[in-house]
Structures are given as C-alpha cells and as structure tokens.
Amino acid sequence: MNAPALEARNVSHCYGARKALDDVSFSVGRGKFCVLLGLNGAGKSTLFSLVTRLFALRQGSLAVLGCDLQREPRKALEQLGVVFQSRTLDLDLSVAQNFYYHAALHGIGKARANARTEELLNAVQLADRAGEKVRNLSGGQMRRVEIARALLHKPRLLVLDEPTVGLDIGARADILKLVRGLIASEGMSVLWATHLTDEIAGTDDVIALHKGKVRASGAVTTLLEQTGASDIKQAFMLLIDEEALA
Amino acid sequence: MSYAAYAICLKGIIWREGLRFLHQRERFVSALVRPLVWLFIFAAGFRQVLGISIIPPYETYILYEVYITPGLLAMIQLFNGMQSSLSMVYDREMGNMRVLLLSPFPRWFLLLGKLIAGTLVSVLQCYAYLLIAYFWEIEPPPLGYLTVLPALLLVGLMLGSLGMLLSSLIKQLENFAGVMNFVIFPMFFASSALYPLWRVREGSPWLYYVCQVNPFTHAVELIRFALYTQFNPLAFAVVFGCTAVFMLGALVAYDPSRGLMALRGAPGAAA
C-alpha cells in the first residue's frame, strides 16, 4: 500500500461561529517537500493543531501514511515528527536532556536515545553544545535543536509550522537547507507551513491556503501554468485575489 | 508498545519533573518556608489562644504546633498541586504540554505520569518539612513516618488531579491569581487544618458544614490519622472518591475528542 505521507479529506474546523478551516482536502506525497502557503490567519496553525491531535477533528479525516488519526492515533503519532511555531524546548534543561525526555515519551531507552542524539546533533552541527542549557543557544540554534529532536524517533513525516519565524536571513537559509537535506538522507516527507514565498523551490509541491480554504494545490510548475503567473509569488497573489476568483 | 516502553516513558516524565524541581531551588525553598512560617510564627502566636482538648488520634493534650502539622503537610501538597497546574498552563503556553501530548502513548497514561511525578515531588517536600518540624518538638511515633506515606501519596494525587482539572479551565497564566483566591484560600481556611471542627461548630454551625463537605478537611484528617499510625475510613473514602472524580474530569478535559481543549482551543493556535 502506498498511501500518501499525509492526507486530509474534507477537513473543517470552527472556533465558535468563525470557520477556521472550510472543507480542506489535500495530500502530501511521499518523499516530497510540500509547502503549506498561506497568510497569517489562513488556518495553518489550526491545521497543525488538528494534525498533532491538540484539537479534536470534528469534520473530515486526516491520515498519516495511511493511519487514520482518529482510528489509529498511536500509529499515526509514531510516524509523525513535529516542529511547532512556538518554542517547545525546556529552556532550563540541557540539549541532551531535552532529547532524552523526548525519547522517553516515545518509549526509547537511554542507550538508543544517546546514540541517536549524537547522530542528530552531528547532523545539525551542534554536537559540541549537547551539554549546554538550551537557554544559552541562539534562536537559529534552538530551531535546529527542535528539528533534530523531532527526528529522534525516526518519523516518516515531518511537519513544521513556520519554523523560520523570527530568524535572520542566514539562519533561515540554514534551516531550509537542513530540512531539504533530510528528505534525501532520512528518506522522509515534509510539510512546511509558511507565508514566505521565497522559501519555495521549483521542485516543491504547494498547497495554497486562504481564509480556511485550499485555493490550489500541486507542483509549483502546475500552479504557474494554472495561473499564468511568472513566479510563485505572483501565482499565490492571483490565487488569493477575491475579485479575480469571483 | 511494550510494558518496558511504558516504564521508560513514565521514568522520563518523573525524571523531567524532578530535574525541573532541582533547577528551581527557589521553588523548593518557598515550598518549605511557607509551612514553616505558619509553624514558627502563627502557631507560636496562637498557642495560647486555642486550647486543644484530647481528640482522636491524639491520646494526650497536644500543643497547637502539633495539631496544625498535618494541615501544613496538606498545605504543602495543595500548593504543589496548584503549582503544577500553574506549570501546566505555563507549559501549554510554552509548548511543553504539546510535546507531552504528541507522545504516542495513551493520553490518560501521560497525564497520570505527570500526576505521579508531581505527587512524588510534593511528598519529598513533606518529608523535608517533617524533618525540620522534628527539631521543633513535633515528634510523631517513628512508625508514623512510614504510615503517613500512602496518605501523602493519595492526597498528592487528589490535589494534583484537582490542579490538572483547573489547568484545563484556565486559559491564561494571569488567571492563576483567581485560583489562589477562589480555590487555595477557601479550601485551606474552611477545613480542619488550623482548628478542630468542634471548635468551628461552636463559632459557626454553617461553617462547620462547609468544612465537613470540603475534601481538603478529609485530606488533612487522613494525613493526621496516618501520621499517628491510625486509619480514618471516612477520610480515606472521601479522598479516594474525590481523587477518582478529579482525575476523570482532568482526563476528559484533556481528551482531544471530548475535552474542553477542543471546544475552546489553546493559546497560540487560533490563527
């Protein structure tokens, strides 16, 4: 069975009377770097809260590598690595201690956790900071640590909610390069939420989300053909233009 | 998931709570200073005002300091339970709660693990207090130090679950002041922690009834009797029942398919 890395079918979510997601359907192909593109308030974080089971899915279905999030939540969560928009590291603990805690939450023992921590910190070039308190790291370093931590239990889908928010240009480029490299080295799929079109590469897939609705999805080239735009930024602006759509 | 994996997960949660506690030395000091202030100052001042007649489990006349010690132990646990609730609100804002809930282990297990970890920390605080109190001539029977342990564990779980339930209702950190005013103070003062209930009854019959239905009264009495190697069945039944109810409430509140989190949404995720 070759189910997509993530599949959303007719997902809707409301906060009271306000509809944050409206009949959202898309899929993230295996081994793909898929960008969830939307302005602030488009519904990206709501979607992340549903995928990570912080909120209950009330309408529609979500499946991670074929495991339905409601019927088989454990199997789905085992395959999912998450980097949230807000920092989720324990600032008073060291980098290694944060990793050990995360490993324990996934039932991974100390010996295996230590080996994997070393491997991952090497990959994000922070091996020499393992014993340091997270508080002492820079914003970019913390992000790298969070990404490495999300990979500790070897997930097959990594979802990141605006991971470059608040980072300088250099750190942003580093993070992007790192995650793109992971697709190749760890053989996984990525869902990358952002509002920045310059983070999109020509080979990526894009889901354009606006006011809770998927306006278009597919490969960058498809979206360019569909809109007749010369670049993805223009394509996105055309896609969210209410009057043009009307 | 194997049993070994469950054990690793539980160990990890307890280890993190312990580590956080060690890192926050001021939290430990303030958790100890609070009851000691009551013991050294309040109890010393009140010694002459309040006469305590012989009431079970005591077999002789006792000093007021001896009387309020179980109440102060319960107070340590009350504050600890509420503090972990505060830390859960804080954790949720900081995102640590999200990390916990992303674990593939069942949610009830994760929350129970957090409760057990918080309870163990509060029990440590209680023993540190008992050690200092010993030098203040509060000397329960030696066996009492052992028999009080299950009582402290159960009371810790009850107050921790109450805190967890409240944490699911509190949306922001600022609202914690409300918890102080509407939960901690009324629970503590309308109980048998500071004065025996027969004394309360003489002063105000209605307050006596309030104290009777306050689960904290029963928590104090369970600890009081256990510290003197006795078992109080009524107190046990109430504390046990309340623990079950609060825990169930907390688990439901944090369940994504039914809970309040789903209805209301968590901070930072409304966009």
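**Figure 1. The loop between α10 and α11 of chain B, with T229(B)**. In this predicted model, T229(B) is placed in the loop that joins α10 (215-227) to α11 (233-253) of chain B; helices (H or I, at least four residues) and strands (E, at least two) are DSSP runs, numbered from the N terminus. T229(B) is not a glycine, yet its phi is positive, at about 55°. Most residues other than glycine have a negative phi. T229(B) counts as partly exposed because its relative accessibility is 37%, where buried means under 20% relative accessible area, exposed over 50%, and partly exposed in between (1.4 Å probe, protein chains only). Residues are numbered from 1 along each chain as its sequence is written, and chains are lettered from A and ligands numbered from 1 in the order in which they are written. Local features need pLDDT of at least 70, side-chain atom pairs count only at pLDDT 80 or more, and totals for chains, interfaces and linings use all residues, while side-chain values use heavy atoms, with hydrogens and water left out.

**Figure 2. N10(A) in strand β1 of chain A**. Strand β1 of chain A covers residues 6-15 and contains N10(A). The phi of N10(A) is near 50°, a positive value in a residue other than glycine. With a relative accessibility of 42%, N10(A) counts as partly exposed.

**Figure 3. The contact between domain 1 and domain 2 of chain A**. Chain A is divided into domain 1 (6-79 + 156-245) and domain 2 (89-154), with bounds that come from an automatic or database domain assignment. The C-alpha centres of domain 1 and domain 2 of chain A lie 25 Å apart. Their contact (heavy atoms within 4.5 Å) takes 16 residues from domain 1 of chain A and 13 residues from domain 2 of chain A. The size of an interface is often given as the accessible area lost when the parts come together. Between these two domains of chain A, about 1,000 Å² is buried, and carbon and sulfur atoms give 69% of that area; buried area is the accessible area (1.4 Å probe) that two parts lose on being put together, summed over both. On the side of domain 1 of chain A, the most area is lost by I175(A), L178(A) and E186(A), together 37% of what that side buries. The count of salt bridges between the two domains of chain A is 0, a salt bridge being a side-chain nitrogen of Lys or Arg within 4 Å of a carboxyl oxygen of Asp or Glu. The count of residue pairs in polar contact (both at pLDDT 80 or more) is 1. A polar contact is a pair of N or O atoms within 3.5 Å; within protein, one must be able to donate a hydrogen and the other to accept it, and residues adjacent in sequence count only if both atoms are side-chain atoms. The elements α2 (73-78), β7 (157-161) and α6 (169-186) of chain A each supply at least two residues of the domain 1 side. Of these, α6(A) gives the most, with 7 residues.

**Figure 4. R180(A) in helix α6 of chain A**. Helix α6 of chain A holds R180(A), which counts as partly exposed at 26% relative accessibility. Not counting residues up to four places away in sequence, R180(A) touches F33(A), E199(A), I200(A), A201(A) and D204(A). Its side chain reaches the backbone oxygen of E199(A) at 3.1 Å.

**Figure 5. The interface of chain A and chain B**. Here 37 residues of chain A are in contact with 37 residues of chain B. The two chains bury about 3,500 Å² between them, 62% of it on carbon and sulfur atoms. In chain A, the residues that lose the most area to chain B are L54(A), Y101(A) and L105(A), together 20% of what that side buries. There are 2 salt bridges between chain A and chain B. D90(A) forms a salt bridge with R20(B), with the closest N and O atoms 3.9 Å apart.

Figure 6. S103(B) is placed in the loop between α4 (96-101) and α5 (107-134) of chain B. S103(B) counts as buried because its relative accessibility is 1%. Its side chain reaches the backbone oxygen of L105(A) at 2.5 Å.
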